[in-house]
Amino acid sequence: MLNDISSALTLLRSRRSGKARDMATPGPDAAQMADIIAIATRVPDHGKLAPWRIIEVPLDARERFAAMLVTAYHAERPTAGRLEIEAIDAFARQAPTMLALLSTPNSASHIPLWEQQLSAGAMTMQLLNAAHAHGFVANWLTGWPATSAAVATSLGAIGDEERIIGFVFIGTATKALEERPRPLTADVVTQWDES
């Protein structure tokens, strides 16, 4: 049991994001992806609502997804320059695996909206951990595609409460991942004192 705990702690301490643009094949196969998603959904979910949805954008659909992004971007920003458009087009062509994640809260539930959104964020983080545990690198990206109503509609979002959490790209790292500065425990933890 001690070795299992040690291995789990080592895994969690070593997780870091890789850049989606630097990912190569292979990505997860169907069985690995099914396991990654099964692990991702093992998160706190008050009310058992599963207030999130995962949409895979397969490689053979990336061309169409890129075209949708460019069309939506042009509609929102008609004066966009060539470099902006190229960046939007390139967004959809990164990494062997691309997932769009939606927060889909149940407004009829007594569970507060904020709790449902937190569950969606927890699912996304767990997805990153599961991809790492399978030996892949993952990257959670937001940016303009995650804020566009047209993109959300294309992903099946309904109403104002369903929103894009972000896009998770998964693949194989092509270069060593860089460690970034992390906060010191003393900088983010305090003790409550009633006085």
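Visitor: Which residue stands opposite Ala173 in β5?

Guide: Met23 does. Strands here are DSSP runs of E with at least two residues, helices are runs of H or I with at least four, and both are numbered from the N terminus. Met23 faces Ala173 across the pairing of β1 (residues 23-24) with β5. Those two strands run antiparallel and are joined by two bridges.

Visitor: What counts as pairing?

Guide: DSSP has to find at least two bridges between the two strands.

Visitor: Before we go on, what kind of model is this?

Guide: A predicted one: local features need pLDDT of at least 70, side-chain atom pairs count only at pLDDT 80 or more, and totals for chains, interfaces and linings use all residues. Residues are numbered from 1 along each chain as its sequence is written, and side-chain values use heavy atoms, with hydrogens and water left out.

Visitor: Back to β5. How many bridges join β3 to β5?

Guide: Seven, and the strands run antiparallel. β3 covers residues 97-103. Ala100 stands opposite Phe167 there.

Visitor: And how does β4 pair with β5?

Guide: In the antiparallel sense, over five bridges. β4 spans residues 137-141. Its Ala138 stands opposite Ile170 of β5.

Visitor: Why is β5 largely enclosed by the rest of the structure?

Guide: Because eight of its 11 residues are buried. Buried means under 20% relative accessible area with a 1.4 Å probe, counting protein chains only; over 50% is exposed, and in between is partly exposed.

Visitor: Now the core. Which residues touch the most other members of the largest nonpolar core?

Guide: Phe65, Leu69, Val151, Leu155, Ile164, Phe167 and Phe169, out of 29 residues. Such a core is a set of buried Ala, Val, Leu, Ile, Met, Phe, Trp, Tyr and Cys residues joined through side-chain atoms within 4.5 Å.

Visitor: Which element gives the largest share of this core?

Guide: α3, with six residues.

Visitor: What does Ile164 touch?

Guide: Leu101, Leu102, Pro145, Ala146, Ser148, Val151, Ala152 and Leu155. That leaves out residues up to four places away in sequence. Contact means heavy atoms within 4.5 Å.

Visitor: What about the second largest pocket?

Guide: About 310 Å³. Ser17, Gly18, Lys19, Leu177 and Glu178 are the closest to its centre, of 16 lining residues. That lining has eight charged, five nonpolar and three polar residues.

Visitor: How many cavities of 30 Å³ or more are there?

Guide: One. Arg15, Arg16, Leu128, His132, Phe136, Val137 and Ala138 line the largest cavity.

Key. On a 1 Å grid over the protein atoms alone, a cavity is a set of points where a 1.4 Å probe fits but cannot get out, and a pocket is an open set with protein on both sides within 12 Å along at least five of seven lines; lining residues have an atom within 4 Å of a point. Grid points are joined across faces, edges and corners, and a volume is the space filled by probe spheres set on the points. Ala, Val, Leu, Ile, Met, Phe, Trp, Tyr, Cys and Pro count as nonpolar, Asp, Glu, Lys and Arg as charged, and the others, Gly among them, as polar.
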